[in-house]
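Hello,

Here is the structure I promised to pass on. Please open it first, then read my notes below.

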Amino acid sequence: MARAFLVVMDSVGCGGAPDADAFFNGDLPDTGANTLAHIAQACARGLGDVGRSGPLQLPNLDQLGLGAAIRLASGDATPGLEAVPQGFWGAATERSKGKDTPSGHWELAGLQVPWDWTYFPDTHPAFPAKVVAEVCKIAGTTGILGNCHASGTKVIESLGAEHVKTGFPICYTSADSVFQIAAHEVHFGLDRLLQLCKALAPMLHEMKVGRVIARPFVGDSENGFTRTTNRKDFAIEPPESVLTNWVQDAGRTVHGVGKIGDIFSMTGIDDSVKGSDATLMTHLHRLIDEAQDGSLTFANFVEFDSEYGHRRDIAGYAAALEWFDGEIGKVLSNLRSGDLLLLTADHGNDPSWSGTDHTRERVPVLCAGIGTGQAGLIEMVDVAATVAAHLGVPGKRPGRSFL
């Protein structure tokens, strides 16, 4: 029986979004943003020679159609990514009014977001008084720190010591529809942080804030503070069934790898593993060997986005892509007859762009196991329809399979 592996390369966009002019980083519209093309162009000019060198080398992804997908999506040059595709490839367009994790993943799973997300203003304070009061009530504190838009790493650098001293949780947001709480795993307590976020989430979800995110960290003022891998997202549950539900309803197993369990609030997911991208890759290799016939493995590799995109680190992003490409080569060699490996992304995060937020882009769609060909420009919801068709389970949303 067929198996499917749907792997999201978080933020690995390929430009060309037709509505990019309606999305912004500060005052700059996302028009022209292109995560993959701009990384390839920068590396070709020698601008990615930190920890790696030379043109961007992604032979496995490129043979599946990566360079071709970028050129189809945007028309931009792709130096170093010029292979003749040997996979089935295309580029997908998002329709939801967001360029964030839930919007992209929900669409890839077959559901366009049916509402407008709530975003907090880039002011100080950023949060309504009722939200601050609820945080204090649940946490048992008389105040919070932050209350602003901030970088997650910078906010713990600037407020970590005060947090340890006062016990006040650090609350911040970004251009996404998120409410993030950073707290020290020892001085505040990891379990206490997770319970705080879980208890606060229903209020924020009612306001159509997409996620409440626990951001634990460790360290001290002398040696610095560092975020841990114990992050947890408390996301709004999709209001209608999605790909994971369709597969489960057909009596099949769904494995979540990375943030997937959090993004979908475990709806339709049988088991979930988390960790660094390196750890998650070991789980993907394991599931290639062990996943049951008829199952879906749905994976997210987040560090392209969290470690390099938001930090505008071109060389780091390029190195992460090259590591991932090498690992995907091993995955390809171990696929069984009848398996579908579908690689895609949820949005862009162009490290050459102004600002620190996601960028509105189309995303590549690269398939192994279904022959050679071109899907063309498709919709994100078509990804779910395609996976469902491959597994032989009924799709319940309007996406169209390109099989």
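This is a predicted model: local features need pLDDT of at least 70, side-chain atom pairs count only at pLDDT 80 or more; totals for chains, interfaces and linings use all residues.

The side chain of His390 comes within 2.8 Å of the backbone oxygen of Gly338.

Residues are numbered from 1 along each chain as its sequence is written, and side-chain values use heavy atoms, without hydrogens and water.

Back to His390. Helix α13, residues 381–391, holds it. (Helices are DSSP runs of H or I, at least four residues; strands are runs of E, at least two; both are numbered from the N terminus.) His390 counts as buried because its relative accessibility is 16%; buried means under 20% relative accessible area, with a 1.4 Å probe and protein chains only. Beyond neighbours within four places in sequence, its contacts (heavy atoms within 4.5 Å) include Ala2, Arg3, Asp339 and Leu403.

Now the whole chain. It has 13 helices and 16 strands. Of its 403 residues, 59% are buried. Among contacts with a separation of 6 or more, 70% join residues 24 or more positions apart. The C-alpha atoms fill a box of roughly 60 × 50 × 35 Å along the principal axes.

Best wishes

Conventions. Buried means under 20% relative accessible area, exposed over 50%, partly exposed in between (1.4 Å probe, protein chains only). A polar contact is a pair of N or O atoms within 3.5 Å; within protein, one must be able to donate a hydrogen and the other to accept it, and residues adjacent in sequence count only if both atoms are side-chain atoms.
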